[in-house]
Amino acid sequence: MTTFPAWDDGTTKTTPDHQIHWYDDRTAIIRQALHTNFEGPFIYLLLGSERALLLDTGTGHIDLRAIVDGLLAGRELELVVAHTHGHGDHVGGDDQFDSVVGKSAEEVAEYFGITAWPEQIVEFDLGDRVLDIVPIPGHHPSHVAYYDRSTRLLFTGDSLYPGRLYVFDWPAFRASVARLAGFVAAGNPVDRVLGAHIEMTREAGVDFEMGSDQHPGEHELQLDPAVLTELADVLAAAGDTPHRIVRDRFIVHPIRAD
């Protein structure tokens, strides 16, 4: 199993604005440093033989374009810039790129050829590397997960990561997580779930305060696929009334419209 680094936890302010880890020779993980913005989002660059897919552009507080150009140097690949979803900490660097997939559910569906949102799952081929695009609204109307068949990595954005899972549409979120868990159970094995943030400590059920730009004792980024099953199970049991659910490796945190 490929190992992961100890990510910059923000306790040293003199570190670079980003950290890069190559999971393998076609999968780069970029973490925007917490000292540039407390969100500290993770950004992913997936390389195929014809295209490279950049998942999210961060908050806009770093020169992401220069980072990506450096990672792609010497490779003749078309760059596709897309998102897990349209919140500002994931689209803030969009204007650094010439062409970006839109942020609305309609624009995402049109680009990837999804004609029955959100039930339809479609393929996206980077060239010798096929991804499955799974719509999962609930945290955001345009949210999608990306499943990489070659690495068996599942990229879940803000719908599952070690932290507070902000739920803006409770029925949609419950249905989306059930659909994603069903997709995995139907013969799409996952080695690791990779989300877009770390907000949990290594202590079970304990998160960092909102806005913290230092994460001493930070939880690891990667989650076992059993955590997705756990999330689906607790949401199924939760019923129709939104409420906060604290588990060892995530916290379901509904946001009420009122």
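**Ground rules.** I count residues from 1 along each chain as its sequence is written. Because the model is predicted, I take local features at pLDDT of at least 70 and side-chain atom pairs at pLDDT 80 or more, while totals for chains, interfaces and linings use all residues, and side-chain values rest on heavy atoms, without hydrogens and water.

**The sheet.** I looked up an open sheet of five strands, ordered β6-β7-β8-β9-β11 with mixed pairing. Strands here are DSSP E runs of at least two residues, helices are H or I runs of at least four, and both are numbered from the N terminus; two strands pair if DSSP finds at least two bridges between them. β6 (122–125) and β11 (192–195) are the edges: each has a single partner strand, so one side of each lacks a neighbour in the sheet.

**A strand pair.** β7 (130–135) and β8 (144–148) run antiparallel and share five bridges. Leu131 sits opposite Asp148 in β8.

**The helix.** α3 (105–112) lies across β6, β7 and β8, at about 65° to β6. Contact means heavy atoms within 4.5 Å; axes are lines fitted to C-alpha atoms, for helices over the stretch in contact, with angles from 0 to 180 degrees between N-to-C directions.

I found a cis peptide bond from Trp117 to Pro118, and Pro118 belongs to the loop between α3 and β6. Asp56 is a non-glycine residue with positive phi, near 80°. Asp56 is buried at 2% relative accessible area (buried is under 20%, exposed over 50%, partly exposed in between, with a 1.4 Å probe and protein chains only).
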